[in-house]
Amino acid sequence: KEITMAKLKFDRKVLGLVFKGDARVVSGALEALAEDWNDFEPIATALETEGKATVDGFEVTKEMLTWTKQTKKVHEVKFTPSVIEPSFGIGRILYSLL
């Protein structure tokens, strides 16, 4: 399976000057959006046309980051099941004693 994603490169100096302590929050939010191109594309087009975009309440400008569109091949998809059944529990111990 192939996925299209955005590869981001941040200008940490500009991010640090503008957002100070929130720079890590902003970069984390952008990284999360960049994992899927469909989520990041509206931000990329806004940065290209207007020069700025709003992400999680923070205004990001075009000078703060650069990006490239990449296609990545995924060999396995990890997920956490909604129900986790323990294989060794107190109920099994009591059942074996009876």
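Is K62 buried, partly exposed or exposed? K62 is partly exposed, because its relative accessible area is 36%; buried means under 20%, exposed over 50%, and partly exposed in between, with a 1.4 Å probe and protein chains only.

Hello everyone, and a quick word on what we are looking at. This is a predicted model, where local features need pLDDT of at least 70, side-chain atom pairs count only at pLDDT 80 or more, and totals for chains, interfaces and linings use all residues. Residues are numbered from 1 along each chain as its sequence is written, and side-chain values use heavy atoms, with hydrogens and water left out.

Let's stay with K62 for a moment. Its partner is E48: the two form a salt bridge, with the closest N and O atoms 3.8 Å apart. By salt bridge I mean a side-chain nitrogen of Lys or Arg within 4 Å of a carboxyl oxygen of Asp or Glu. E48 sits in helix α3 and K62 in the loop between β3 and β4 (65-73), so this pair ties together parts that are 14 residues apart in sequence. Searching the whole structure gives 1 salt bridge. The helices (H or I, at least four residues) and strands (E, at least two) are DSSP runs, numbered from the N terminus.

Now to the helices. Helix α2, residues 23-34, packs on helix α3, residues 37-49, at an angle of about 120°, and their axes are 7 Å apart. The axes are lines fitted to C-alpha atoms over the stretch in contact, and angles run from 0 to 180 degrees between N-to-C directions. The two helices are therefore oblique to each other: under 35 degrees counts as roughly parallel, over 145 as roughly antiparallel, 65 to 115 as roughly perpendicular, and the rest as oblique. Which residues meet? L30, L33 and A34 from α2 meet D39, F40 and I43 from α3, where contact means heavy atoms within 4.5 Å.

On to the strands. Strand β2, residues 52-55, pairs with strand β3, residues 58-61, in the antiparallel sense over 4 bridges; pairing needs at least two bridges found by DSSP. Opposite A53 stands V60 in β3. A53 and V55 are on the covered face of β2, with K52 and T54 on the uncovered one.

D56 is exposed, at 62% relative accessible area. K20 also has a positive phi, near 50°, and K20 lies in the loop between α1 (12-19) and α2. With 61% relative accessibility, K20 counts as exposed.
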